[in-house]
Amino acid sequence: MITSVQEDTISIVSIIGTKLKKSKYAFFIEKDNGEYIVYSSLSGAVILFSEESYINRLKNIIKDDEIFYDENDDIIVTLKAKKLFVDSTADEDLMVRTLYEENIVRNNVLDLMLVVTKQCNLRCTYCGQSHENKRMEADTYDSIINFIQNQLKTHGYRKVQITFFGGEPLMECKNIILFLTNLKEMLLSEFDGIEYTAGMSTNGYLLTPKNFDALVSLNCNFYQISVDVMDYTHDNTRPLVNGGRSWQQIIDNIKYMTSTNEKFSITLRTNFNIDVAESLIEFYKYVSEHFKSDKRINIYYETIKDQGNENTPIILNETEELVLDIDIAKIIKDNELSCSNAVNRNMPCSRVCYASKPNYFIFDEEKKIMKCSFEFDSENNCIGLLKSDGTFNINEGNYSKWVYSDYLSSEKCKNCKALPLCLGKRCPRTIINTGSMDCNIDIISNEIEGIIKNYY
Ligand code: SF4
Ligand code: SF4
């Protein structure tokens, strides 16, 4: 039996006698129980082969790099429809470029990040931010509304998406609510049919019932909340400014959110290193017991990175990270939780950094317009200064460095099975600073394969 684990919208083109070749971006993965999973990073399709007769037929088909299309063979039809096999004459480099054109260049969402404060109510031991008392003032919020107006008039965007970022954005909750109220009114009065969504990257401590109710009523409905696993690890690595505990308040806030019928999503981000990794099992069990049936929650995990803080706990090397990443996917699956690393991050274009997207702009409290959320003070990062009427003089030199890097010129990217996921634009900052990406393409490929094998 063939089970399509993920849906996509590709239609089948039937050309009898056409020769097909195995895609560069196809993964054929044998599970420990003998089942097969096939995955295409070009289409995002994940298909499970669980019946012996189907597995044997699949093995027979994939032993050759080239096959003939047969519309009466349901496996071949599926493999072609989901881009595991492509026409033998197809240029897959151009297919990837088409993906980029369709999904990134012609994207009609105006996507903005507002850095509303540089201050934070927590002091994470590995944080690299400076925690300055700088926050966005009313005239900057107004200028951003004017910027949105201008962009909608001149660029044909059909939707607006806002992400609030910091520091801790909820320290500016009142201003965020006022901004969203003004944005909503402006769109309703001037741009019939143009909608907006909003969300934030938050530590969750101030996402109290009162704040959540107000925010969600203004369509602020996606939240990435960072939790360093259980209370006894989190309260060490993510204490309040006064050294107090933050874990229980964050969990209580999430419990309130999930007790409502509101439409929202929480990506529960777990940051880990070797110390924290041991308590991941306990944490995912906890989340499963308390929130399992709530499909609005999904898990994302990431290793703790060196952000230049001298108190950063021991960080993992690439191989340790690989082993743990794959194991964690299995733990999440065993606890019947949804795993963003396995699902969302294996879809085409999902790993393209927003800094490279022509429709993405970051604003800070000094009215700087930027591309990357890592180095706010870098000169390369600033593409202009916002004026009160919402216009800005674009620094074309800087803008083009972020947006127009040519991934097809990189031999490494062309040989990487993750190319349709990141299009060579996984971290433009690294390319700008060093000239190339430092990826190990074998490790990347093994990680994708391992996570899929363990999760599906
Ligand atoms: S080598 Fe790195 S940047 Fe290039 S496609 Fe692979 S993951 Fe992306
Ligand atoms: S360019 Fe690199 S550092 Fe900057 S936001 Fe993107 S991934 Fe992060």
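The shell around ligand 2 holds 6 nonpolar, 1 polar and 1 charged residues. In this classification, Ala, Val, Leu, Ile, Met, Phe, Trp, Tyr, Cys and Pro count as nonpolar, Asp, Glu, Lys and Arg as charged, and the others, Gly among them, as polar. The residues in question are C353, A355, C372, S373, F374, C427, P428 and R429; a residue is near a molecule if its C-beta atom, placed from the backbone, lies within 6 Å of it.

The model is predicted, with local features needing pLDDT of at least 70 and side-chain atom pairs counting only at pLDDT 80 or more, while totals for chains, interfaces and linings use all residues. Residues are numbered from 1 along each chain as its sequence is written, and chains are lettered from A and ligands numbered from 1 in the order in which they are written.

Around ligand 1 lie K412, C413, C416, A418, L419, C422, G424, R426, M437, C439, I441 and I444. Their classes are 9 nonpolar, 1 polar and 2 charged. At least two residues of this shell come from each of α13 (411-414), α14 (419-422) and α16 (441-455). Helices (H or I, at least four residues) and strands (E, at least two) are DSSP runs, numbered from the N terminus.

Two domains are assigned in the chain, domain 1 (20-90) and domain 2 (109-355), with bounds from an automatic or database domain assignment. Their centres, taken over C-alpha atoms, are 37 Å apart.

Next comes a pair of helices. The axes of α4 (residues 138-155) and α5 (residues 173-190) come within 10 Å and cross at roughly 30°; axes are lines fitted to C-alpha atoms, for helices over the stretch in contact, and angles run from 0 to 180 degrees between N-to-C directions. This makes α4 roughly parallel to α5, a term for angles under 35 degrees. In their contact (C-beta atoms, placed from the backbone, within 7 Å), Y141, I145, I148 and Q149 of α4 meet N175, F179, N182, L183, M186 and E190 of α5. These contact residues comprise 6 nonpolar, 3 polar and 1 charged.

Two backbone details remain. Most residues other than glycine have a negative phi, and most peptide bonds are trans. G166 and G167 are joined by a cis peptide bond, with omega about 20°, and G167 is in the loop between β9 (159-165) and α5. N219, a residue other than glycine, has a positive phi near 65°; N219 sits in the loop between α6 (209-216) and β11 (220-226).

Technical notes:
Angles under 35 degrees count as roughly parallel, over 145 as roughly antiparallel, 65 to 115 as roughly perpendicular and the rest as oblique. Two residues are in contact if their C-beta atoms, placed from the backbone, lie within 7 Å.
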